[in-house]
Amino acid sequence: MNVVVIGGGLAAASAAAELREQGHTGDIVVVGGEPHPPYERPPLSKGLLLGSSQPQEASVHPPEWYDEHQVDLRTGTVATGLDLDRRRVRLESGELPYDRLLLATGATPRHLPMADASRAPVVHLRTLDDALALRERLTEGARIAIIGAGWIGLEVASAARQRGASVTVLESAPLPLQRVLGDEVATVFADLHREHGVDLRLGAQVVGIEDEHGEAVVHVEGSGPVVADLLLVAVGVSPTDELAARAGLAVDNGVLVDAWLRTPDPHVLAAGDVANHDHPTLGTHVRVEHWDTAIHHGRHAARVMLGSDEPYTRLPYFFTDQYDLGMEYVGHVAGGAGHDLVVRGDLAGRQASVLWLQEDRVVAGMHLNDWDAIGPLRAVVGRQVTDAVRDPAVPLADLV
Ligand SMILES: Cc1cc2nc3c(=O)[nH]c(=O)nc-3n(C[C@H](O)[C@H](O)[C@H](O)COP(=O)(O)OP(=O)(O)OC[C@H]3O[C@@H](n4cnc5c(N)ncnc54)[C@H](O)[C@@H]3O)c2cc1C
């Protein structure tokens, strides 16, 4: 069996590793558009910006791994089309045949047309090269404006403050991360950034972006403009699913895949940020933009290619590090639905665990700076709500 993987990121590299670990001896070609071998992105907005980690530490596998495992890694190579009938991937330089194809094309930062139209110094953060260029700009006294108080925006704010830059974050919602975390927990993140000197402007509608002598001037409705040496636009990502759409695969907020990560074409699977997965235990489609999913999707897709009939049931998991706050989250809170919160510990003091309850189920759990909590959280999420779950006096470990 000849496997082609499109996308040289974490999901792609994880799939290639799993294929070899499971004894696959056929060809594996990984086609990646970036010039670098696959690397992990979480350090790009954390240690790499702070200078506490180096680019090579982010590599998924050492550079020699690909040759040692007979994985034909083609960096700097873009797949330009798919011919599903003939099972061929089109490249600028020719075609690649496949028996199984994995789409692991990830996601692409959303742009703001008004930022792109301006000549202001505007950047996005997705790639290693983006991060290395950004790091150069996070200097003592530099003025950094960030549009979007999501994970990336806040992590960059944290790194920039720690490097002595002054930081303004503009967020249109009333709280940062509100959609994911809800008001109570989102407030913790707002307080954290303000305590560290970030000018966090919530409910801020950006109405214009201009360049003035090489500075970015960001106009905000109802208040004065923000002037910055650099403007980071961090307003989320879109799945890189155009290749799949053009080939006629079903696409709706990513490549639609079933519980086994298979598209309706029996030869084509999708994994990682680009996959909109019919999650059997969550009972809904989810497209998860997290490190853990890229690894486990990639590995799972490889096993399915080799004949496994196990569906992918792992719950979404993610983490963030900002200043001295470490957080891990497991589970999924369906958008818009009402939920209850049970807090154990000291939320305002940032040493706590939180459970989200929806109807009779624990649907998500999170801890702040309580590293022993992730095991019990994983065990409890998905379970039925009991009196003990609802009682913050019952230690999390006792719920397992
Ligand atoms: C700055 C940053 C920080 C993050 N921090 C965290 C974190 O703390 N915790 C967490 O859980 N997650 C984090 N994430 C998210 C996590 O990194 C992603 O979920 C993960 O990278 C997804 O992996 P992927 O392989 O699906 O896609 P990607 O990493 O996006 O890789 C896809 C690759 O495919 C290539 N590609 C696309 N189209 C083509 C084509 N046609 N031909 C060839 N190649 C193509 C792209 O160039 C890209 O290199 C972070 C992401 C970023 C950007």
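Predicted model: local features only at pLDDT ≥ 70, side-chain atom pairs only at ≥ 80, totals over all residues.
1. Helix 6 itself covers residues 151-162. Its twelve residues should span 16 Å at 1.5 Å a residue, and the end C-alpha atoms lie 17 Å apart, so the two values agree.

2. How much of helix 6 is buried? Nine of its twelve residues are, so the helix is mostly covered. The buried set consists of Trp151, Gly153, Leu154, Glu155, Val156, Ala157, Ser158, Ala159 and Ala160.

3. Next, look at the partner, helix 7, which covers residues 178-195. The two helices pack at an angle of about 25°, with 11 Å between their axes. Because angles under 35 degrees count as roughly parallel, helix 6 is roughly parallel to helix 7. Their crossing is left-handed.

4. Which residues make this contact? From helix 6 come Trp151, Leu154, Ala157 and Ser158, and from helix 7 come Leu181, Phe189 and His193. Sorted by class, the contact has five nonpolar residues, two polar ones and no charged ones. Trp151, Leu154, Ala157 and Ser158 are also among the buried residues of helix 6.

5. Finally, a word on His124, in the loop between strand 9 (122-123) and helix 5 (128-137). Is His124 buried or exposed? Its relative accessibility is 15%, so His124 counts as buried, the cut-off being under 20%. Leaving aside residues up to four places away in sequence, His124 touches Pro109, Arg110, His111, Asp116, Asp130, Leu232 and Val233.

Key: Residues numbered from 1 in each chain as written. Heavy atoms only, no water. Helix = DSSP H or I, 4+ residues; strand = E, 2+ residues; numbered from the N terminus. Expected span 1.5 Å × (residues − 1). Buried < 20%, exposed > 50% of the residue type's maximum accessible area, 1.4 Å probe, protein only. Axes fitted to C-alpha atoms, helices over the stretch in contact; angles between N-to-C directions. Parallel < 35°, antiparallel > 145°, perpendicular 65-115°, else oblique. Left-handed = near helix turned anticlockwise from the far one by under 90°. Contact = heavy atoms within 4.5 Å. Nonpolar A, V, L, I, M, F, W, Y, C, P; charged D, E, K, R; others polar.
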